[in-house]
Amino acid sequence: MPVIRPAVPADEAFLIALTPRLADFPVPPWRTREEIAVADHAILREALRQPSADACILVAEEPAGTPVGYAFTTTRTDYFTHELHAHVEVLAVSESAAGRGVARALMDATEQWARERGYRRITLNVFERNAHARAVYDRLGYAPETLHYIKQL
C-alpha cells in the first residue's frame with residue numbers, strides 16, 4: 001500500500017514528469033498532448049509555489065520512498081447551489097504502479113481532505129475518450145453529471 005503525503009516543492013520534477021500520463025489516450029483531434037501538458041504544468045507549478053488552504057497536492061510513495069502518483073485538488077463553487085466543494089484537477093499514477101491501488105489510495109486521501117473541510121461533494125473532469133480513467137472513477141463510485149460539448153469552428 002502506498003504512503004500518501006503532502007507534496008513539497010522538491011516534488012516538482014516528479015509531478016511534471018508524470019503529466020504525460022494524463023494524455024495517454026486518444027486525445028480529441030482538436031486537442032494536443034502538448035496543450036494538455038502545458039496547462040497541467042502551469043497549475044501544478046502555481047500550486048507548489050503558492051500553497052493555499054483551498055488546495056492540496058498529495059503524493060503517493062512506495063514504502064521505499066519512490067513517488068508513484070499524485071492528486072491535485074482545489075476548492076470550487078457549485079454552479080447551481082454556490083456551495084463549496086472539492087474538485088480533482090489532476091490524478092496521475094505512474095505506469096509502473098498502475099493497477100496496484102495507488103489511484104484509490106490517492107482518492108481516499110483526497111476525499112478525507114474534502115471531508116475535513118466540510119465539503120459534501122467532489123467533482124472532476126475526464127475526457128470522454130479516456131476509457132481507462134473513466135473506468136477508475138466508475139469503480140471509485142463517481143458518476144457523470146453533465147457532458148461538455150465542443151465544436152471546432
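## A tour of the salt bridges

Begin by selecting Arg5, Asp11 and Glu61, which are linked in a network of salt bridges. The model you are looking at is predicted, and a search of the whole structure finds 13 salt bridges in it.

Next, select Arg100 and Glu62, whose side chains form a salt bridge with their closest N and O atoms 2.8 Å apart. Arg100 lies in the loop between strand S4 (84-93) and helix H3 (102-116), while Glu62 lies in the loop between strand S2 (55-61) and strand S3 (67-77), so the pair ties together parts that are 38 residues apart in sequence. Arg100 is partly exposed, at 44% relative accessible area, and Glu62 is likewise partly exposed, at 25%.

Move on to Glu83 and Arg121, which meet in a salt bridge at 3.3 Å, N to O. This pair also links distant parts of the chain, with Glu83 in the loop between S3 and S4 and Arg121 in the loop between H3 and strand S5 (122-124), 38 residues apart. Glu83 is partly exposed, with a relative accessible area of 22%, and Arg121 is partly exposed as well, with 39%.

Now turn to helix H3 and select Arg115 and Glu111, which lie four residues apart, about one turn of the helix. The closest N and O atoms of their salt bridge are 3.7 Å apart, and Glu111 counts as buried at 18% relative accessibility.

Finish at Asp40, which sits in helix H2 (residues 33-49).

Conventions
Residues are numbered from 1 along each chain as its sequence is written. This is a predicted model: local features need pLDDT of at least 70, side-chain atom pairs count only at pLDDT 80 or more; totals for chains, interfaces and linings use all residues. Side-chain values use heavy atoms; hydrogens and water are left out. Helices (H or I, at least four residues) and strands (E, at least two) are DSSP runs, numbered from the N terminus. A salt bridge is a side-chain nitrogen of Lys or Arg within 4 Å of a carboxyl oxygen of Asp or Glu. Buried means under 20% relative accessible area, exposed over 50%, partly exposed in between (1.4 Å probe, protein chains only).
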